[in-house]
Amino acid sequence: MAQHMPFVPKDWKPLAALMVFAALLPRMLPNDYFLVLFNIMALNALVVLGLNFLIGCAGQISLGHAAFYGLGAYTSAIVTTTLGWPLWAGLTAGLAVAALVGLVLAVPTLRLEGHYLVMATLGFNIIVSICLNQMEELTGGPSGFPGIPSLHVGPLAIDTDRAFYGFIWAVFFGVFALFLNLEDSRVGRALRAIHEKELTARTLGVPTHAYKVGVFVLSAVLAAFAGFCYAHYVTFISPKTFDIFYSVQVVTMVVVGGMGNLWGGLVGTALLTSLPELLHHFEDLHVLIYGLVLMGSLVFFPHGLAPAVAAAAKTAFRRGTPPDTGGKAPRPGNYISHPARQAGRPRPPRADSTPSAPLDALTVQHLCVRFGGLQALQDVSFRVRPGQIVALIGPNGAGKTTLLNAISGLVPPHQGRILAGDRDITGLPAHRVARWGIGRSFQTVQMFSHLSVLDNLLLGFHRCGRAGFLTALCHTPAERREERALREGARMALQGTPLEEKAHVPAAALSLYEQKVLEILRALALEPKLLLLDEPVGGLNPNESARLMDWIGAHRKAGMAMVLVEHDMNVVMEYADHVVVLQHGQVIAQGSPRKIQKDPKVIAAYLGTGRRKGSEETWREEAPGSGRDNHQEDSETS
Ligand SMILES: Nc1ncnc2c1ncn2[C@@H]1O[C@H](COP(=O)(O)OP(=O)(O)OP(=O)(O)O)[C@@H](O)[C@H]1O
């Protein structure tokens, strides 16, 4: 029952046990000196918590969290001491400054691909350190900032180590519970997807940039909050505490404990905060031993201490996977028909050749895409009507995948227009194209291999949810209801598919056929008006190909339009209503499969001009890439 209450995480029992332990701990400590150690540990743990979420879940590394820690501390110190304003004003100002600076740093840097955030935050930390040292009138410079008032909550003064211990650990457990909620939510799932395959996440409607900025700002604000608590605990601060070494130290705590594992962050913090104290007995050798412990944990537990301990415990107890919470829900999965059920049924009729709807599902007009000096697409125009399958064929390198990438918003066109219905989607970002109702599969299957089958599918339902950072953190009843409904919908979508019994299996453990089914189910979860399929049967045997294509083709009846890139000409001839032939980025022919089969330009494109007299049967058999193996590569856009 507790897990259905607001703020309480689903997995609340270990947290409750730890809280009881923390409450009893002061009685077991020999003297108050150890309280100071645990108080500093809690402050570090707060910084590490946000940073761990940023690094482990969103895949972004920051070397500037000491600066946010410092901004929280100094802003509050100046507001409460120099200006003489109350504590709440210092807290508000500290958090606001951190949020604003975090936003200014993150918005431009996170737009760039690669680890620009590391460099930006590293530079930022150095600048903040210089400012704290140089702006002596404001900050006290290297001599520090004394006389900061102690914390109090209403009339309750928090001015002893013991009182601060109770306060800071209560705060930490509260914040930790909120982050557990966030991790176990629609937002947490999307962040893990961004970490693994950002482009794929975008094609599922996840606004990746906004999410990355959101998680960075959240972690910066948390570091600033810890800084505020620190300043009003020690009542004296100096720039040394907030230099780059502290930033490196907190990143090390995340790495040693286990990136992306919130419990791991706590373990890493506990170990690396207490280790220097424990090693003091070894006098000069303590630095050496500290280094050895650090190296040993990284060498023997590369994924962190907490995951290693959890794996060992799992092996020892052989616990089963906890069942998912059920509940009545809407039926977003109803439209998805079962690939196996479709097998052996009569083929769905081809789309009528006369227009059945006033608007085309897709209109591509004079599209051009360049990569530097390479003209990948030139003046490409074609239309797809609702319920129609249009096949895109052409030799390797003709520009087929580039065309799908341009339609789905992954590659910006240089010229031309793309219309979905009457909506101009030219140049729209991929997540907005997906939300507009364009789903896709990839030439190399793009699974989130660390996530389960169910979580992969839930990412397809991402746009059906509304929960944001705040509701996910607070685990509100509405957020839990929505999550249950999404899970129910995803489970329904799995019903009758080969994946029905594999909802909790990691996607990486599926066969290629199952991965292709899951990838298409995930795209169908967007309820697309248009489905882009990049070599859906590549690497499958003829039996699997037929089952998959029959299942996909059945969605035409519901009016879903499809663009099919395929090298297997048997598949093209059997399922396509219209064929567009590309060569060197240009459309050289288009028409019905029969007409295209006999087109001399197409035969020449496939067989070379010297062999024009080849028959249509020869063309079928020799189509480049026909029946070739689809080796698993790790390229996202291919
Ligand atoms: N991101 C990119 N940067 C530079 N060149 C690219 C990029 N993506 C594709 N190209 C080039 O654009 C051309 C078209 O490539 P594309 O992958 O679209 O062809 P294709 O018809 O899908 O080929 P295949 O059948 O082998 O998948 C190729 O010359 C390719 O090298």
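**Figure 1. Burial and contacts across the whole chain.** A residue is called buried if 20 or more other C-beta atoms lie within 10 Å of its own, exposed if 12 or fewer do, and partly exposed in between, with the C-beta atoms placed from the backbone. By this definition, buried residues make up 47% of the 638 residues in the chain. The model is a predicted one, in which local features need a pLDDT of at least 70 and side-chain atom pairs count only at pLDDT 80 or more, whereas totals for chains, interfaces and linings use all residues. Residues are numbered from 1 along each chain as its sequence is written. The chain holds 26 helices and 12 strands, where helices (H or I, at least four residues) and strands (E, at least two) are DSSP runs numbered from the N terminus. Among contacts with a separation of 6 or more, 75% are between residues 24 or more positions apart, a contact being a pair of residues whose C-beta atoms, placed from the backbone, lie within 7 Å.

Figure 2. The unreviewed UniProt entry places the feature "transmembrane region" at residues 35–55, 67–85, 91–110, 117–135, 163–182, 213–233, 253–275 and 287–305; UniProt positions are given in the numbering used here, feature names are shortened, and annotations may be inferred rather than shown by experiment. In the model, residues 91–110 are 95% helix and 0% strand, with their end C-alpha atoms 27 Å apart. Residues 213–233 are 100% helix and 0% strand, and the end C-alpha atoms of this span lie 30 Å apart.

Figure 3. Arg202 lies in α9, which covers residues 198–203, and is buried because 24 other C-beta atoms lie within 10 Å. Leaving aside residues up to four places away in sequence, Arg202 touches Thr208, Ala430 and His431. Arg202 and Gly409 are 207 residues apart in sequence, yet their C-alpha atoms are 9.0 Å apart in space.

**Figure 4. The shell of residues around the ligand.** The shell has 13 residues, of which Phe371, Asn396, Lys400, Thr401 and Thr402 come nearest; a residue is near a molecule or strand if its C-beta atom, placed from the backbone, lies within 6 Å of it. The elements that give two or more residues to this shell are β4 (374–384) and α16 (400–407), and α16 gives the most, with three residues. By class, the shell has four nonpolar, eight polar and one charged residues, where Ala, Val, Leu, Ile, Met, Phe, Trp, Tyr, Cys and Pro count as nonpolar, Asp, Glu, Lys and Arg as charged, and the others, Gly among them, as polar.

Figure 5. Strand β6 (residues 415–420) pairs with β7 in the antiparallel sense over two bridges, and Ala420 has Arg423 of β7 as its bridge partner.

**Figure 6. The six-stranded open sheet around strand β10.** The strands of this open sheet have the order β8-β9-β10-β5-β11-β12, with mixed pairing. Its edge strands are β8 (438–440) and β12 (586–591), each pairing on one side only, and the twist averages 20 degrees from one strand to the next. Five of the five residues of β10 (residues 561–565) are buried, so this strand is largely enclosed by the rest of the structure. Ala561, Val563 and Val565 point one way from β10, while Met562 and Leu564 point the other way. Strand β9 (residues 530–534) pairs with β10 in the parallel sense over five bridges, and strand β5 (residues 389–393) runs parallel to β10, joined to it by four bridges. Ile389 stands opposite Met562 in β10.

Figure 7. Leu582 is placed in β11, residues 578–583, and is buried because 26 other C-beta atoms lie within 10 Å. Not counting residues up to four places away in sequence, Leu582 touches Leu392, Gly394, Ala398, Gly399, Lys400 and Val587.

Key:
Two residues are in contact if their C-beta atoms, placed from the backbone, lie within 7 Å. Two strands pair if DSSP finds at least two bridges between them. Axes are lines fitted to C-alpha atoms, for helices over the stretch in contact, and angles run from 0 to 180 degrees between N-to-C directions.
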